[in-house]
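Hello,

Here is the structure I said I would pass on. My notes on it follow below.

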Amino acid sequence: MSLIRRGIEIAGQEDVTCDLYCLLGDVLRNIGDTEGGISAFEMASKFIADDQRRCRVLIGIADGLRVADRQTHALDILSDAQRIAEGN
């Protein structure tokens, strides 16, 4: 995790920063820090450069919300991701 955080510090491009925050979110969620994972994906949302990353961030947030037993909010976010993915 320290390498991911260091990468975030030195990343010079927003797309790389977004990807690293997404990776951090996945790692945190997988080690049981669900809220930390959600927060990392929320940070990633500040560096979104395209719709593909926007969908990735929304899916990451929704996955964390699912684990945190907040399914209604997760489904709303997944609907947003689906709309973006379909180009609507």
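**Helix packing and single residues**

Helix 1 passes helix 2 in a left-handed crossing, where left-handed means that the near helix is turned anticlockwise from the far one by less than a right angle, and right-handed that it is turned clockwise. Helices here are DSSP runs of H or I with at least four residues, numbered from the N terminus.

Before the rest, the basis. This is a predicted model, in which local features need pLDDT of at least 70 and side-chain atom pairs count only at pLDDT 80 or more, while totals for chains, interfaces and linings use all residues. Residues are numbered from 1 along each chain as its sequence is written, and side-chain values use heavy atoms, with hydrogens and water left out.

**Helix 1 and helix 2**

These two helices pack at an angle of about 160°, with their axes 9 Å apart. Axes are lines fitted to C-alpha atoms, for helices over the stretch in contact, and angles run from 0 to 180 degrees between N-to-C directions. That makes helix 1 roughly antiparallel to helix 2 (angles over 145 degrees count as roughly antiparallel, under 35 as roughly parallel, 65 to 115 as roughly perpendicular, and the rest as oblique). From helix 1, the contact (heavy atoms within 4.5 Å) takes in Ile4, Arg5, Gly7 and Ile8, and from helix 2, Thr17, Leu20, Tyr21, Leu23, Leu24, Val27 and Leu28. By class, the residues of this contact are eight nonpolar, two polar and one charged. Nonpolar covers Ala, Val, Leu, Ile, Met, Phe, Trp, Tyr, Cys and Pro, charged covers Asp, Glu, Lys and Arg, and the others, Gly among them, are polar.

Which residues of helix 1 are buried? In helix 1 (residues 2-10) they are Ile4, Gly7 and Ile8. Buried means under 20% relative accessible area, exposed over 50%, and partly exposed in between, with a 1.4 Å probe and protein chains only. The three cover an arc of only 100° around the axis, which puts them on the same side of helix 1; the arc is that of the directions from the helix axis to the C-beta atoms. Helix 2 (14-30) is included in what covers them. The face turned away from the buried side carries the exposed residues Ser2, Leu3, Glu9 and Ile10.

**Helix 3 and its neighbours**

Helix 2 and helix 3 pack at about 170°, their axes 7 Å apart, so helix 2 is roughly antiparallel to helix 3. The residues of their contact divide into nine nonpolar, four polar and two charged.

The axes of helix 3 (residues 34-44) and helix 4 (residues 51-67) come within 9 Å and cross at roughly 160°. Helix 3 is therefore roughly antiparallel to helix 4, and their crossing is left-handed.

**Single residues**

- Glu42 lies in helix 3 and is partly exposed, with a relative accessible area of 41%.
- Arg53, in helix 4, is buried at a relative accessible area of 18%. Not counting residues up to four places away in sequence, Arg53 touches Asp15, Cys18, Asp19 and Ile48.
- Asp69 lies in the loop between helix 4 and helix 5 (71-85) and counts as exposed at 57% relative accessibility. Phi of Asp69 is near 65°, a positive value in a residue other than glycine. Most residues other than glycine have a negative phi.

Regards
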